[in-house]
Amino acid sequence: SVAYALLRKPLKDNLAYIEWLFIDHRDMIDKLLYNDPQSLKYDIAEVKLRTESIYGSTGLEPFFNFRYSRDDVNSLEHVWNNANHIITTRPDYSKTKQESLNFIFVTGDLLEDFTSYYYSMVPDLLAYATDLICLIFETLVDLNEQTIRANYIIRALRHARAISDECFKEMSNNFRKIKAGINCPRCKKHIPLNNKNTISLIDKQFKCNCGYILRTGFYMFDWEPTDVDR
């Protein structure tokens, strides 16, 4: 119950403002700085238009129905309502069951279902939010293509691993097929995405044969001209 309840604000409210920043940062910042706070209230219809625009321009899936729809049986809205209210009366598929209270008397099977549901959907939503935040950052800062590409590869591989071993294997193979990879910022040699290198890159640190250490636990700027060799 606590785990699901804590998801509502970041995935429904906070993410809506990140999407607003991506689509029209000037509008949002102007309202934040100069208007009454009421002007920053978002409208669901506007959120829908923004998410459609994001999908059209980036290909990223914003999961609008999953986050906001009360008509979709799989929507998080129903789980959030159950997590925040002991008794719910509508719609039928989120109504409190007879001889039960929401998230109070949970059987082993139901607990397993809710746990599986949580771990199947959170990685996708967090990956979407992370990609969107990085895109906002990359439009504000003048970065070279190697920086953007390397950080994208690391994010994509981590996302795939969070979903499943099979998804991670498929993503790694796809990158290898197109010979995607990263060049060492010092020696400039190509770092192929074989099994050993891939695991090292997504585990926060990779050491090139030349001795250069890529610290991949945060956004990397190693290919930018302001970097100092380590």
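Helices H2 and H3 cross in a left-handed way. H2 covers residues 8-34 and H3 covers residues 44-58. Their axes lie 10 Å apart and meet at an angle of about 60°. That angle makes H2 oblique to H3. From H2, the contact uses Ala16, Glu19, Trp20, Phe22 and Ile23. From H3, it uses Val47, Arg50, Thr51, Ser53, Ile54, Ser57 and Thr58. Why give two numbers for one crossing? Two packed helices are described by the angle between their axes and by the distance between those axes.

Now step back to the whole chain. This is a predicted model. The protein has nine helices and four strands. Along the sequence, the pattern runs α-α-α-α-α-α-α-α-β-β-α-β-β. The C-alpha trace spans about 65 × 50 × 30 Å along its principal axes. Of the 230 residues, 37% are buried. Take the contacts with a separation of 6 or more: residues 24 or more positions apart account for 54% of them.

Next, look at helix H7, residues 145-163. H7 has 19 residues. From its first C-alpha to its last, H7 reaches 27 Å, close to the 27 Å expected at 1.5 Å a residue. Asn144 caps the N-terminal end of H7. A side-chain oxygen of Asn144 lies 3.0 Å from the backbone nitrogen of Gln146. Gln146 is itself one of the buried residues of H7.

Thr216 sits in the segment after strand E4 (213-215). Is Thr216 buried or exposed? Its relative accessible area is 1%, so Thr216 counts as buried.

Arg176 belongs to H8. Its relative accessibility is 30%, so Arg176 counts as partly exposed. Arg176 and Pro192 are 16 residues apart along the chain, yet their C-alpha atoms are separated by 7.7 Å. Arg176 touches Leu193, Asn194, Asn195 and Thr198, again leaving out residues up to four places away in sequence.

Definitions and conventions:
Residues are numbered from 1 along each chain as its sequence is written. This is a predicted model: local features need pLDDT of at least 70, side-chain atom pairs count only at pLDDT 80 or more; totals for chains, interfaces and linings use all residues. Side-chain values use heavy atoms; hydrogens and water are left out. Helices (H or I, at least four residues) and strands (E, at least two) are DSSP runs, numbered from the N terminus. The expected span of a helix is 1.5 Å times one less than its number of residues. Buried means under 20% relative accessible area, exposed over 50%, partly exposed in between (1.4 Å probe, protein chains only). A polar contact is a pair of N or O atoms within 3.5 Å; within protein, one must be able to donate a hydrogen and the other to accept it, and residues adjacent in sequence count only if both atoms are side-chain atoms. Axes are lines fitted to C-alpha atoms, for helices over the stretch in contact, and angles run from 0 to 180 degrees between N-to-C directions. Angles under 35 degrees count as roughly parallel, over 145 as roughly antiparallel, 65 to 115 as roughly perpendicular and the rest as oblique. A crossing is left-handed if the near helix is turned anticlockwise from the far one by less than a right angle, and right-handed if clockwise. Contact means heavy atoms within 4.5 Å.
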